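Hi everyone, thanks for coming. I'd like to walk you through a structure that may be new to you, so let's bring it up on the screen.

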Amino acid sequence: MVEERYQLAKERIAQIEKEERVAEPFGSYFRQAADWILQLDEWKRLWESGKQDELSLEDWEEWNQRLYGELLPEQYGSSYANPAFAVSQLGHAYGQPLCFLYSEIRGGISYAVEKKTEYLDILLELFLEIYHLFEGEEPSVTHVKDCIYWYASDYCDVFAADYVKQQVDPAEDFLTKFVQQSDLQDLRYLYQAGEYVGANERESARYLSGLPEEEIRRIAKAFVEGYVRGFVNTGKDLSKKDAVNIRYTLGFERIIKKAIEEFEKRGLKPVIYRGGVSVLTRPGGRRLGFVGGMPNGQYEYDHKNDQGLFLDGRFLERKLEVIQNAYESVKKQAGNMAGPACMETFGEKPFEPRQKEEAIRLTKKQENLAREMAAKQGEIVNRYIKGEERSYTIVAYPVWEIGTAYEEIFREIVRINTLDAGVYTEVQQKLIDRLDQGTSVRITGRGKNETDLTVRLHELTAPDKETIFENCVADVNIPAGEVFTSPVLEGTSGLLHVTKVYLNGLLYRDLKLWFQDGMVTDYSCGNFETEEENRRYVFENILHRHPSLPMGEFAIGTNTTAYAVSRKYGIEGKLPILIAEKMGPHFAVGDTCYTWSEEIPVFNPDGKEIIARDNAISLKRKEDPAKAYFQCHTDITIPYGELGDIVVTGKEGSVCLIRNGEFVLEGTEFLNEPLKSTYK
């Protein structure tokens with residue numbers, strides 16, 4: 001029945017190219033969109049034929065260009081997927097919803113690969129419904145948007161509900177089989193995931209294919225052992241779980257295949273789900289899960305607010321009901337989920353987006369609804385995948401675009417990710433012992449860095465049994481190299497400034513955040529010409545549209561080796577926060593590191609319990625979790641080269657831990673050795 005409906009829709013769309021029922025400029029839009037849909041159908045038939053193995057590498061590259069070429073920067077300017085072009089051709093009122101429609105249909109690329117004909121039929125019928133509105137007289141914009149609204153509402157229980165199952169059920173194994181059954185020495189396999197394949201994906205896979213088996217196993221084993229240590233160090237019972245969610249980027253299958261083997265030795269089955277390709281599965285434009293290459297960061301940025309076409313209170317309640325019912329239907333699988341193991345990549349050219357007036361924006365009311373939805377979804381997830389029972393790990397490796405010394409850099413990152421945790425445990429304990437005697441810490445910048453920030457610390461009542469800072473060494477966050485705490489908000493005030501930082505794929509220049517009693521009170525950056533644009537950029541992408549956020553974490557990074565490597569190869573601006581946060585003090589805005597698991601005792605290697613797991617905001621969970629959590633945690637690091645002093649003050653006076661970017665506390669001076677190579 002579904003296939004029959006799909007064929008009828010496809011045949012009707014094939015007629016559009018020859019019709020003149022729709023007046024210009026809309027006729028051109030629908031003919032071009034129809035042509036793309038027919039290419040999509042050809043792609044679908046390729047997968048149904050079972051003849052994929054007969055295609056040459058050149059054939060696959062041609063398909064890659066046909067499916068993704070119009071999104072590449074050199075072609076994006078004349079694509080209806082670009083809101084600026086769509087609005088210029090169709091007008092603002094119609095350009096936005098029709099641009100959304102064009103983008104939403106592009107999700108069909110992966111649906112065809114996974115043979116989800118029902119999904120494809122839904123998209124084609126939506127396209128025809130809107131096309132028929134334009135036959136004859138020009139329709140009202142309200143009618144066009146109504147079609148999109150009811151698409152989102154009616155099919156939420158298909159797309160969003162299925163997506164929940166894909167995130168927890170090992171039986172949803174399309175991508176697991178892709179990893180395990182592909183010939184990873186034959187680069188044609190990359191194109192059979194249904195994602196964009198660029199130079200980063202090709203060259204990463206090519207490089208990994210040439211590494212010795214033992215080296216691949218060592219990298220995978222470090223990844224898995226870090227995950228296991230996360231459970232051990234937090235006193236959580238991994239034996240109660242039987243599944244792990246593996247998130248990674250296309251091109252790293254050889255490592256992931258070995259990681260799956262290592263996880264299975266520990267009784268954990270893999271769950272690998274695709275990053276959302278529909279507005280119903282990726283609100284906010286976030287790419288979580290298995291992802292391919294990104295043909296154009298601007299395209300992703302342009303569509304991050306697409307839910308603004310339909311987000312209202314009624315839709316919020318509808319989606320939350322769907323999510324709740326979906327989790328209830330897979331509650332056994334959700335209860336067995338141990339948490340995510342993430343292998344991230346870095347090295348792409350830093351991306352500075354354009355703020356387009358033509359792109360969809362959320363209204364103030366919708367911003368509130370989006371925050372409410374995120375908070376309530378977080379509560380639902382935590383009921384079924386309990387925070388006190390789950391853990392995670394994250395590690396990152398470079399891609400080809402990082403520079404001509406890619407292979408050298410990759411080897412250096414492997415070295416950094418496998419540094420001796422015992423050495424860092426010992427030296428970081430010296431920092432913690434001194435910090436535990438303090439009531440506050442003052443952090444200042446030097447040179448052009450204007451940071452002057454005081455962080456208030458929790459008070460210890462039993463210092464022989466308790467500690468304020470966690471001694472973090474290569475478990476949940478690889479590599480080793482930081483001590484961190486949840487600050488006391490009252491009394492935590494001042495300016496945090498970084499001259500240049502790369503956060504969640506976006507570049508910030510002269511980023512400034514002002515804090516008063518632990519809360520962000522003002523913010524700015526220097527990316528755009530107007531202060532309004534700069535503030536909106538920070539508001540949307542760091543504050544995630546919250547009026548304010550607390551300082552959820554204060555940490556001191558100790559991985560001077562990573563800093564020296566970054567300076568040697570000139571890659572400071574390309575490092576992920578996972579490594580960058582270990583290269584100086586960092587401050588997280590948003591939730592604490594102990595979100596949803598504050599009640600679980602956590603101990604350092606010396607046996608002392610870490611008591612700084614809460615702040616005044618997170619304590620509100622006892623009355624209303626929606627007021628306690630923000631569903632975000634963004635780390636911002638001051639690199640050693642911009643750092644002035646870090647001074648801890650206590651009842652008996654002040655002690656300097658770092659002076660002019662160098663460690664001066666007795667027993668930590670050897671950390672300065674790698675820094676010497678960075679001095680001019």
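Let's begin with helix α8, where twelve of the 17 residues are buried, so this helix is largely enclosed by the rest of the structure. Please keep in mind that we are looking at a predicted model. Helix α8 runs over residues 117–133, and from its first C-alpha to its last it reaches 25 Å, close to the 24 Å expected at 1.5 Å a residue. Which residues of α8 are buried? The list is T117, Y119, L120, D121, I122, L123, L124, L126, F127, L128, I130 and Y131.

Now let's move on along the chain to E135, in the loop between α8 and α9, with α9 covering 141–154. The side chain of E135 meets that of R21 in a salt bridge, at 3.3 Å from N to O. R21 sits in the loop between α1 (2–16) and α2 (26–49), so the pair ties together parts that are 114 residues apart in sequence. E135 counts as partly exposed, at 23% relative accessibility.

One is between the side chains of K269 and D242, at 3.6 Å, N to O. K269 lies in strand β2 (residues 269–271), while D242 is in the loop between α13 (213–233) and β1 (243–248), so this pair ties together parts 27 residues apart in sequence. K269 is partly exposed at 38% relative accessibility, and D242 is partly exposed too, with a relative accessible area of 26%.

The other joins the side chains of E599 and R621, at 2.4 Å from N to O. Here E599 is in the loop between β14 (585–590) and β15 (609–610), and R621 is in the loop between β15 and β16 (633–637); the two are 22 residues apart.

Technical notes: Residues numbered from 1 in each chain as written. Predicted model: local features only at pLDDT ≥ 70, side-chain atom pairs only at ≥ 80, totals over all residues. Heavy atoms only, no water. Helix = DSSP H or I, 4+ residues; strand = E, 2+ residues; numbered from the N terminus. Expected span 1.5 Å × (residues − 1). Buried < 20%, exposed > 50% of the residue type's maximum accessible area, 1.4 Å probe, protein only. Salt bridge = Lys/Arg side-chain N within 4 Å of Asp/Glu carboxyl O.
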